[in-house]
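Try each task before you read its solution.

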Amino acid sequence: PSVPRHTNRLINEKSPYLLQHAHNPVDWYPWGQEAFDKAKTENKLIFLSVGYSTCHWCHVMEEESFKSKEIGEIMNEHFVCIKVDREERPDVDKVYMTFVQATSGGGGWPMSVWLTPDLKPFAGGTYFPPEDGVHRVGFRTVLLRIAEQWKENKDALLESSQRILEALRHTSEIRVQGQESPPPAKEVMDTCFQQLSRSYDEDYGGFSKSPKFPTPVNLNFLFTYWALHRTTPEGARALQMALHTLKMMARGGIHDHIGQGFHRYSTDQHWHVPHFEKMLYDQGQLAAIYSRAFQISGDEFFADVVRDILLYVLRDLSDWAGGFYSAEDADSYPTTTSREKREGAFCVWAAEELRALLPDPVEGATEGTTLGDVFMHHYGVEEAGNVDPMKDPHQELKGKNVLIARCSPELTAARFRLEPGRLSALLQECQQRLSSARAQRPRPHLDTKMLAAWNGLMISGFAQAGAALAKQEYVSRAAQAAAFLRTHLFDPDSGRLLRCCYRGKDNSVEQNTVPIQGFLEDYVFVIQALFDLYEASLEQGWLEWALHLQHMQDKLFWDPKGFAYFSTEAGNPSLLLRLKDDQDGAEPTPNSITVTNLLRAACYSGHMDWVEKAGKILAAFSERLQKIPVTLPEMVRATAVFHHTLKQVVVCGDPQGEDTKEMLRCVRSVFSPNKVLMVADGDSAGFLYRQLPFLASLERKDGKATAYICSNFTCSLPVTSVQELRGMLSP
């Protein structure tokens, strides 16, 4: 690489996204006091650009505008320019995204916002092309117009920004109205199911035409709806919708059939052509949801997908110290000599390339059949490429194929007169060969930032998969990652979580000079992970840490006046709004997950004020839950759990005893959305016995491992039969 012509302050940052912009001719500042002071001292507007390192359109805007010397000069002359990694600073991102969505009707990244020197927004958008086009004003024009406005109409701009801020404060407020109580579960559940059902794609699964996102929150809701309505036609339909969606996703191009794992979303209705980046939060949630699909259906197809996702994470997103990296980029160089990156280059195939890699004749198949014929038929490969030009506006995928399982294994086997078992072995051989070939290509950029929240989601994925599939190695990996969080993203002196750390030189783990404190989502997803990890490992230390973090979350984020939790803590003058997210998206909103966390915390601690808090959250969101519950499917699910009361499943016995292990396998193999699991091992000095005195009264019957189903610490008669226990676990 040549010596860079420009270097700005971002060279001193740790974020991979900020470092990508460290050699732009733009005089970028990170978000912080130095930039704010400069804007005030020089009376300059602030241009705020927010993105993340694996964002395709962020790369495009950088190439077109931020690397342009001419545009850089305009930016430096008229603005103080600030770059923010939205994954590092979701607090900053959410405040200004709320503004962009409210004023433009849309949002996304890169996000481009113009602020007054006191950080109030007055203009914004997302991606801007560099020059004016037929339908869009160019970035250069926007910069010059805004600079002119500030010069000519400063007072009007300041007045406008103040009005905008007041309106945002008013519209974004979520609080309990009067004496509201948690909404009724049945009505909210039924309305949410009907709204999801109306948007469901009967042919390909999912809940829109295009683009299509995996949205695990919708599938989680449907599994819970089925569990509580098993004997009704609606319950059967909910299950069919969820399982069909999961099957179509796994067969589609959104699933990487060679390198494992799932891409971020599909650009089409058929789950075929994805946006190729891979996000840790998707892998964690999808590992958990496919584990539940296996619990419910017993179909090994779903267990295979779980193994596939976790293989990808273990191999490509794991830090040697135990943490998980954030993401892999969509763009990469097609060959080692290429000068330009292309989206999907690492993952797509030309037909002739596949023929050259898979030339072997297949014995016993229709005469003349090669491995390539079988593979290309099964995965929908076409000689001229299988990507619809409408889904490829920049012609990056022309002549290429995105693999999609077009046929069932049975149909492909019949087409070539093969035994199904033989076909499976042949496809596996093809995949291994293509994996080796793909390893020779330049890899996409890897974002090696490690976030507490997303690590929490991935720990839950490993822990739940380990429990459902009875795979101890998955539980061990979850425990290794939780230990990593405790070492690198937890401050024992303050008792608080930190937001992120980074892979440094020589595989060290590095932290910012001033570490970023954890946000609500970090606490919520880590607490959920620790509960999941306790249930999978029975290590009480994880439980103890989870309850400590829940107390800390209450202290930092609870809104005592309007109820529910703020996304950020109080006291940061650079944040104009304290918000409460009100929509479950690619990740569930923290307040949605927190309802279930609080109910679990109460079950493990006996602190019933946590149940009261859970009810207050539901009361604060009551209006939204009753009118448009489809925007909060995870909170709707939690509403049902709240009203049905969690079952405490207590297994009394020696955790190493075979009879205890058999009972635990039974509990873990059954999908029951309203249960918590604990083991009473007789250690009266242990953490659980100190928290829950009623455990001391539970005994083994006839010296055998014995289960009790308890509700609000009142227990059923003892059960020693696994079959009887299985029946009692159904909602």
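A residue counts as buried under 20% relative accessible area, exposed over 50%, and partly exposed in between (1.4 Å probe, protein chains only). This is a predicted model, where local features need pLDDT of at least 70 and side-chain atom pairs count only at pLDDT 80 or more, while totals for chains, interfaces and linings use all residues. Residues are numbered from 1 along each chain as its sequence is written, and side-chain values use heavy atoms, leaving out hydrogens and water.

**Exercise 1.** Classify both partners of the salt bridge between Arg433 and Asp360, and locate them in the chain.

*Solution.* Start with the rule: a salt bridge is a side-chain nitrogen of Lys or Arg within 4 Å of a carboxyl oxygen of Asp or Glu. In this pair the closest N and O atoms are 2.7 Å apart. Helices here are DSSP runs (H or I, at least four residues), as are strands (E, at least two), numbered from the N terminus. Finally, Asp360 has 27% relative accessibility, so Asp360 is partly exposed; Arg433, at 24%, is partly exposed too.

**Exercise 2.** Check the length of helix α20 (residues 540-557).

*Solution.* The expected span is 1.5 Å times one less than the number of residues. For the 18 residues of α20 that gives 26 Å, and the end C-alpha atoms are 26 Å apart, so the two agree. As for cover, 13 of the 18 residues of α20 are buried.

**Exercise 3.** What is the strand order of the open sheet of four strands, and which strands lie at its edges?

*Solution.* Two strands pair if DSSP finds at least two bridges between them. The order is β19-β18-β20-β21, with mixed pairing. The edge strands are β19 (675-680) and β21 (714-715), each pairing on one side only. Strand β20 (residues 706-711) and β21 run antiparallel and are joined by two bridges. Cys710 has Cys715 in β21 as its bridge partner.
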